[in-house]
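Here are my notes for your first look. Please keep the view open as you read.

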Amino acid sequence: MNERRRVKAPWFARAVLILVLLALYGPLLVLVAGSFLESTATGLVVTGRWFIEVFADTVLGGALLNSLIVAFCSAVCATVLGTGAAIALHRGPFPGRQVLRGLSFVSLALPEIVFALALLSWFFLLHWHLSLVTVIAAHITFSLSYVILTVSARLSTMDQSLEDAARDLGAGEWHLLRRVILPLLKPSLIAAFLLSFLLSFDDFLITFFVNGVGRDTLPIKLYTSMKMGLTPKLNALATLMWLGSALLIILAFRSPGFRDVLKAGEDKPGENE
Amino acid sequence: MKSGVRLGGPALAWLCFFILAPLGLVLLISFAQRGIYGGIQWDFGAGNYSRLFSPETLLIVWDSLRLAFFTAVVCVFLGLLSAWAMATASERRRPWLLGLIALPFLTNLIIRVYAVKSVVAANGPLPFLLTLLGIEFDPFALTANSWLVAYGMVSSYLPFAVLPLYGAFEKFDFTLVEAAQDLGAGPWKIFGQVIVPALRGPILGAFLLVFIPCLGEYVIPDLLGGAKSMLLGNLITDQFLKARDWPFGAAVSVGMMGLLVLTGLLLRVLRRTK
């Protein structure tokens, strides 16, 4: 927009940025370092045994499996439901459109804890047994708004004439969706899926409220073990989880669908122009 | 229109069932009574709400408001300066800086808190450093205190402020800074009299973005503050998961939502005036 020239920020702003990055990454580096070190009689030595212990732990393996099941199922469902909603919102008025829009906004703005306890009470009233199913339902709900946001960004940049052309050529509703709209949306569908997967995989508080006894996900396991005290093995677990989600984040960020979201944010008329 | 219902209907039904209905239920429960064995007794009254105004609860509300306000102000201040530095960095560096800020933001909260804890843990680098410097300290107080909570809150919520403020700087007209410079304004004066007034809207928005999740934060005070610090998040969680007094917990969370709406309205008024 005003790419011409930007006056460099003064030294104190740059100093704050460096301090902020140090404050964000310092503890994470200590965490990673701790997972490679073992204190022996002669001092600290570098070792890989904590990682081997993590991989040998079947309880952690079970928790990882739970996390993956929940993340995969909720990401698939949220992507399907959210894409439908985004296309419907894009097409124009239908009964309930404003409600849909309002509710997807509410779920973004709602404090996590209120959402968690509301779902817990609701499941209790319905006599739903708390299990991975309730966790998946909860995760679908909070991922849905993010999917709608991601897909809507792509739809708003899509060429409407392609859809019109297909319709003129006699494509039916289903045909149009499968052969024209969904292929065009593919990048943002991938981005939406990755984002939902990540949100679900990282979630702690909501899972903490609605998960069943003995069906812990990885973040819950880390939380409960950490209450007992920190061990190098837990460091190794946390390091692995961090690397795993970092990989996913980089993947999501590099996917073209995500760039649409960022671009949609930039193109909005600014308040200070 | 028919296709709209067919495509959007499922999501609409889902959100009604898993957001609207549960929220309505919370409102209903907040007027019910606690049963003898911890269940819910559907006798309606406003008793839970009057308990909100007991001195103990008010103290918790006050402490939570203070922490959320402190965190939001610090985050917005640091976020504004960092976003300024990021937006004026070379074009090649900008995406990297943005990624560096976004990565911890998307990292699991528990991992981040664990990382902070590992710095102050008995065999961590901070106690080691303090011993090396000959400074005496209480190892138990070091692993759980209000400073640690403040650090955890600010470092966790900082990206919430940096990212939207960076977006605002992307649209900011930097010729204003140039003009101020030509007229002889120093860097602090430019910050206080050019940047802050021009970005008033985004600043208030960033404040709210940090303030909302902070007010009900549970994990950070729980893990970094030890048993001493009781805040709204712990109070609500305890009512639901330990004390099993759901009606009171529901009333506290409705009250908390009220406080958030009030803050939002207050900021909106602030945004309008002048």
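Is the crossing of α4(B) and α8(B) left-handed or right-handed? The points below take this up.

1. This is a predicted model: local features need pLDDT of at least 70, side-chain atom pairs count only at pLDDT 80 or more, and totals for chains, interfaces and linings use all residues. Residues are numbered from 1 along each chain as its sequence is written, chains are lettered from A and ligands numbered from 1 in the order in which they are written, and side-chain values use heavy atoms, with hydrogens and water left out.

2. The crossing of α4(B) and α8(B) is left-handed. Left-handed means that the near helix is turned anticlockwise from the far one by less than a right angle. Helix α4 covers residues 94–105 of chain B, and helix α8 covers residues 146–170. They pack at about 155 degrees, with axes 9 Å apart. That makes α4(B) roughly antiparallel to α8(B) (angles over 145 degrees).

3. Who makes this contact (heavy atoms within 4.5 Å)? From α4(B) come B:Arg94, B:Leu98, B:Ile101 and B:Phe105. From α8(B) come B:Pro159, B:Phe160, B:Val162, B:Leu163, B:Tyr166 and B:Glu170.

4. Now look at B:Asp238, in helix α13 (residues 232–242) of chain B. B:Asp238 is buried, at 19% relative accessible area (buried means under 20%, with a 1.4 Å probe, protein chains only). Leaving aside residues up to four places away in sequence, B:Asp238 touches B:Met230, B:Ala243 and B:Arg244.

5. Last, the interface. In chain B, 92 residues are in contact with 92 residues of chain A.

Conventions: Axes are lines fitted to C-alpha atoms, for helices over the stretch in contact, and angles run from 0 to 180 degrees between N-to-C directions. Helices (H or I, at least four residues) and strands (E, at least two) are DSSP runs, numbered from the N terminus. Angles under 35 degrees count as roughly parallel, over 145 as roughly antiparallel, 65 to 115 as roughly perpendicular and the rest as oblique. Contact means heavy atoms within 4.5 Å. Buried means under 20% relative accessible area, exposed over 50%, partly exposed in between (1.4 Å probe, protein chains only).
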